[in-house]
Amino acid sequence: MGASENLFGNVLKHYFGEGVVLPQQKMLPPGHDLHYTADFLIVEPTTGLHLDVEVDEPISFATGKPTHCIGEDDYRNKCFVEANWVVVRFAEEQISSQPERCALVIAIAIAKLTGNTTYEEKLRHAGRVDAIKQWTPRQATKLKKSNYRQGYLAYRN
C-alpha cells in the first residue's frame with residue numbers, strides 16, 4: 001500500500017470505524033483458482049453489505065506500465081459484483097486530494113443500499129468529489145512522462 005492508500009485508510013477508519021474498514025482483503029470468486037485483493041473492504045455492520053473500495057493509479061508501481069485503464073478492470077469488477085459486493089473505484093488523485101469527499105461517496109452508497117445514514121451524516125460537510133475521467137494506456141503514459149503523479153502527491157503534503 002502506498003502513501004495515498006495509508007492516508008485514505010486512516011480517513012476511512014475515522015469515519016466508518018476500525019472494525020468496519022479492512023485493508024487488503026482477499027476474495028476468491030466462485031470457479032476461480034486465484035483470488036482478487038480489495039484495496040479496502042468495508043462491511044456495513046447492520047446488513048453485512050460488502051464494498052470493495054479501489055484506489056486506481058495510472059501507472060503500476062511494480063512494472064512502471066499503464067494500469068487501471070478503461071475496460072481493464074471490467075472482468076474483475078464483474079467477479080466482485082457476482083459475489084454480491086459493491087465496487088467503488090477512485091483515482092489515486094481523488095483520494096490524495098479529497099479523501100473526505102471520497103468517503104462521502106461511499107457513505108451515500110451505503111445509505112442508498114442499506115438505509116444506514118450514520119456515515120453520511122458524519123460526512124455531510126465534505127462536499128462532492130471532483131470527477132476524473134478514467135485514462136487510456138496512451139494517456140497514462142503521457143501522465144507518467146509529465147510526472148503528473150508526483151504533482152498531485154506533492155499537493156497533498
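1. Two strands are said to pair if DSSP finds at least two bridges between them. In this predicted model, β1 and β2 meet that condition with six bridges and run in the antiparallel sense. Within this part of the fold, lysine 26 stands opposite threonine 37, the latter belonging to β2.

2. The sheet as a whole is open and consists of four strands, arranged in the order β1-β2-β3-β4 with mixed pairing. Its edges are formed by β1 (21-27) and β4, each of which pairs on one side only, and neighbouring strands are turned against each other by 40° on average, if direction is ignored.

3. Helix α4, which spans residues 99-114, lies across β2, β3 and β4, and runs at about 160° to β4.

4. The largest pocket holds about 250 Å³ of space, and β2 (36-43) and β3 (50-56) are the elements that each give two or more residues to its lining. Of the 13 lining residues, Asp39, Glu54, Glu57, His68 and Arg76 lie nearest the centre of this pocket. By class, the lining comprises seven charged, four polar and two nonpolar residues.

5. The second largest pocket has about 150 Å³ of space, and its lining includes Asp56, His68, Arg89, Phe90 and Trp135. Strand β4 (residues 85-91) supplies the largest share of that lining, namely three residues, while the classes are divided into four nonpolar, three polar and three charged residues. His68 deserves a separate look, as this residue lines the second largest pocket and is also among those nearest the centre of the largest pocket.

Conventions. Residues are numbered from 1 along each chain as its sequence is written. This is a predicted model: local features need pLDDT of at least 70, side-chain atom pairs count only at pLDDT 80 or more; totals for chains, interfaces and linings use all residues. Side-chain values use heavy atoms; hydrogens and water are left out. On a 1 Å grid over the protein atoms alone, a cavity is a set of points where a 1.4 Å probe fits but cannot get out, and a pocket is an open set with protein on both sides within 12 Å along at least five of seven lines; lining residues have an atom within 4 Å of a point. Grid points are joined across faces, edges and corners, and a volume is the space filled by probe spheres set on the points. Ala, Val, Leu, Ile, Met, Phe, Trp, Tyr, Cys and Pro count as nonpolar, Asp, Glu, Lys and Arg as charged, and the others, Gly among them, as polar. Axes are lines fitted to C-alpha atoms, for helices over the stretch in contact, and angles run from 0 to 180 degrees between N-to-C directions. Contact means heavy atoms within 4.5 Å.
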